[in-house]
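Keep the viewer open as you read.

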Amino acid sequence: MDIRNHILNLAKKINGTVILPESADARVLTAAQLLVKEGIAKVVLPAQDVEAVKKAAADANVDISKMEVVKIDRALLDEKKVEAFVAARSKKGMTPEDALKLLNHPLYFSMMYLKSGKANACVCGAVYDTADVLRSSIHVVGTAEGIKYVSSYFLMIPPEGHKVVKEPVLFADCGVNPDPDALGLKDISVSTAQNFKKLFPNRNANVALLSFSTKGSAKNQMLQKVIDATHLLKEHFKDDKTVNVDGELQFDAAIMPEVGKRKAPDSAVAGKANIFVFPDLNAGNIGYKMAERLGEFQALGPIIQGLALPVSDLSRGSKADDIYLVSAIMLLQSGK
């Protein structure tokens, strides 16, 4: 599968708009130019200083004539959404004046622009750190209905000719939650399965909740949250025939058909998993980096999920092409 073209072609059909808060960064501007040139999305560049953005674009040799450069202004936002934000911040002890001042910040303005329905996705994190991105997105956008845990996934793309994995798979959560409980693992799994279906509409989502045990082969209290999460997840997807769930499963039982048949013969997921949910951040972070460095997988992410609207958290080491591709993925998450 040519995953890059697959994602870009799906995103192009959405005909959406991406807002890029870090509008004076050369990498962001280059990615914006690609998005517009290739017809993937319309682009909004918010600016406290419009002339500074124009100068940054000129320095980066980027043509912004077909992008919308907007000066940050509360008048561009949905006033009812702004009032709700101020009320929510006031309940947390912030004065209304200070809450309104937050909306002058490019991150908060962009989140509220998204919340106001003027964009389909907000892509950021190339300049701002993860804490700032998550804080502003949770305060303004909030979490998705029925979801309490914001999480992340990696799109893991196998090298050509890989002996075991022939198509991209998702790893979660490898970037946000250090030690989720059973409800957290359930929320992570739900969000990841939903995004898998947006990325690959014609594939069933086969979710494996991973551990060091398969179907009771080991006994330890730390396994209980994986077992409990599996029950919660099966109940959640009981009427969805496109999502299969099983756990607890060891990685080899989840990915190798011959091992899956031996260790979990009645499982609809064992040996066929394409979503791998790790029990904690230690396992998730180690797992994706081992696949990337030893297995030569391309690891795209972490891609934030579980928010009410699509917001990215790019790595600050992102290249223009990374920002371009993540923008396309965020458009897919918009579900437009």
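Buried means under 20% relative accessible area, exposed over 50%, and partly exposed in between (1.4 Å probe, protein chains only). By that cut-off Ser 136 is buried, because its relative accessible area is 0%. Before going on, note that this is a predicted model: local features need pLDDT of at least 70, side-chain atom pairs count only at pLDDT 80 or more, and totals for chains, interfaces and linings use all residues. Residues are numbered from 1 along each chain as its sequence is written, and side-chain values use heavy atoms, with hydrogens and water left out.

Ser 136 sits in helix α7 (residues 130-140); helices here are DSSP runs of H or I, at least four residues, numbered from the N terminus. Leaving aside neighbours within four places in sequence, Ser 136 is in contact (heavy atoms within 4.5 Å) with Leu 107, Tyr 108, Met 111 and Val 141.

Helix α4 (residues 79-91) and helix α6 (residues 106-115) have axes that come within 9 Å and cross at roughly 125 degrees. Axes are lines fitted to C-alpha atoms over the stretch in contact, with angles from 0 to 180 degrees between N-to-C directions. α4 and α6 are therefore oblique to each other, as angles under 35 degrees count as roughly parallel, over 145 as roughly antiparallel, 65 to 115 as roughly perpendicular and the rest as oblique. On the α4 side, Lys 81, Val 82 and Phe 85 make the contact; on the α6 side, Tyr 108, Met 112 and Lys 115 do.

Methods
Helix = DSSP H or I, 4+ residues; strand = E, 2+ residues; numbered from the N terminus.
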